[in-house]
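This report goes through one structure part by part. Please have the sequence and the 3D view open while reading.

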Amino acid sequence: EEKALFQAASPLLYRLMVAGIETGCRQGELLFLQWQDVNLERRELRIRAVNAKSREARYIPISNRLKAVLEMARHDPTGHEYQPEAYVFGDAVGRRARSPKKAWETAVLEAHGQTPRWTGNNSLTAESRIAYREIGLHFHDLRHEAGSRWLEAGMPLHHVRALLGHA
């Protein structure tokens, strides 16, 4: 399922999904992440307290997979490094991106052999909405998968709790 989902994802959604599954961060935490919060040398992301649900800052290690994605996304279309205030998962010029809801729903449906159909106001048709609900896969599930993988790899529960930002 993971392979099919990544294959169906747009480039921005792909990067966001890698970050979600590798860091366990919430979607909003990732969308607010700026380049000044990324330290590739120390291999860590800083989730600022103002962007965290718990209102506590935390530092998340950067895996090899995520590091490769971040290094490829570090430059704007002109080849220059993004400014520190630019959003890591923003648009092509580093502005904050809108919700990836449509891209996510499209990828989920396509990964499960469905062709998404949209209404005039950019929401799924009733038929596509039913198919999406039956699949039952949400971006937040990447966070759960990250925590499960860490536990399966033998990481102590209190470390997983801290990385996920749970009280």
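## Two crossing helices

The axes of α2 and helix α7 (residues 140-152) come within 6 Å of each other and cross at roughly 40°. Axes here are lines fitted to C-alpha atoms, for helices over the stretch in contact, with angles running from 0 to 180 degrees between N-to-C directions. Helices (H or I, at least four residues) and strands (E, at least two) are DSSP runs, numbered from the N terminus. The two helices α2 and α7 are therefore oblique to each other; angles under 35 degrees count as roughly parallel, over 145 as roughly antiparallel, 65 to 115 as roughly perpendicular and the rest as oblique.

On the α2 side, the contact is made by M17, G20, I21, E22 and T23, and on the α7 side by L142, R143, E145, A146, R149 and W150. Contact means heavy atoms within 4.5 Å. Sorted by type, the residues of this contact are five nonpolar, two polar and four charged. In that sorting, Ala, Val, Leu, Ile, Met, Phe, Trp, Tyr, Cys and Pro count as nonpolar, Asp, Glu, Lys and Arg as charged, and the others, Gly among them, as polar.

## Basis of the model

This is a predicted model, in which local features need pLDDT of at least 70 and side-chain atom pairs count only at pLDDT 80 or more, while totals for chains, interfaces and linings use all residues. Residues are numbered from 1 along each chain as its sequence is written, and side-chain values use heavy atoms, with hydrogens and water left out.

## The nonpolar core

The largest nonpolar core has 45 residues, of which M17, V38, L70, F89 and W104 touch the most other members. Such a core is a set of buried Ala, Val, Leu, Ile, Met, Phe, Trp, Tyr and Cys residues joined through side-chain atoms within 4.5 Å. Helix α2 (residues 11-23) gives the most to this core, with six residues. In soluble globular proteins, nonpolar side chains tend to be buried together.

Which residues does F89 contact, leaving aside its neighbours within four places in sequence? They are L12, R15, L16, A19, L30, L31, L33, L70 and A97.

D37 sits in the loop between α3 (27-31) and β1 (38-39). It counts as buried because its relative accessibility is 3%; buried means under 20% relative accessible area, exposed over 50% and partly exposed in between (1.4 Å probe, protein chains only). The side chains of D37 and R48 are joined by a polar contact of 2.9 Å. A polar contact is a pair of N or O atoms within 3.5 Å; within protein, one must be able to donate a hydrogen and the other to accept it, and residues adjacent in sequence count only if both atoms are side-chain atoms. Not counting residues up to four places away in sequence, D37 touches F32, E44, L45, R46 and R48.

E44 belongs to strand β2 and is buried, with a relative accessible area of 16%. Its side chain makes a polar contact of 2.7 Å with that of R42. Beyond four places in sequence, E44 touches residues including D37, Y59 and P61.

## Loop residues

R43 is in the loop between β1 and β2 (44-47) and counts as partly exposed, at 27% relative accessibility. Its phi is near 55°, a positive value in a residue other than glycine. N122, in the loop between α5 and α6, also has a positive phi, of about 65°. Most residues other than glycine have a negative phi.

Q114 lies in the loop between α5 (101-111) and α6 (126-135). At 37% relative accessibility, Q114 counts as partly exposed.
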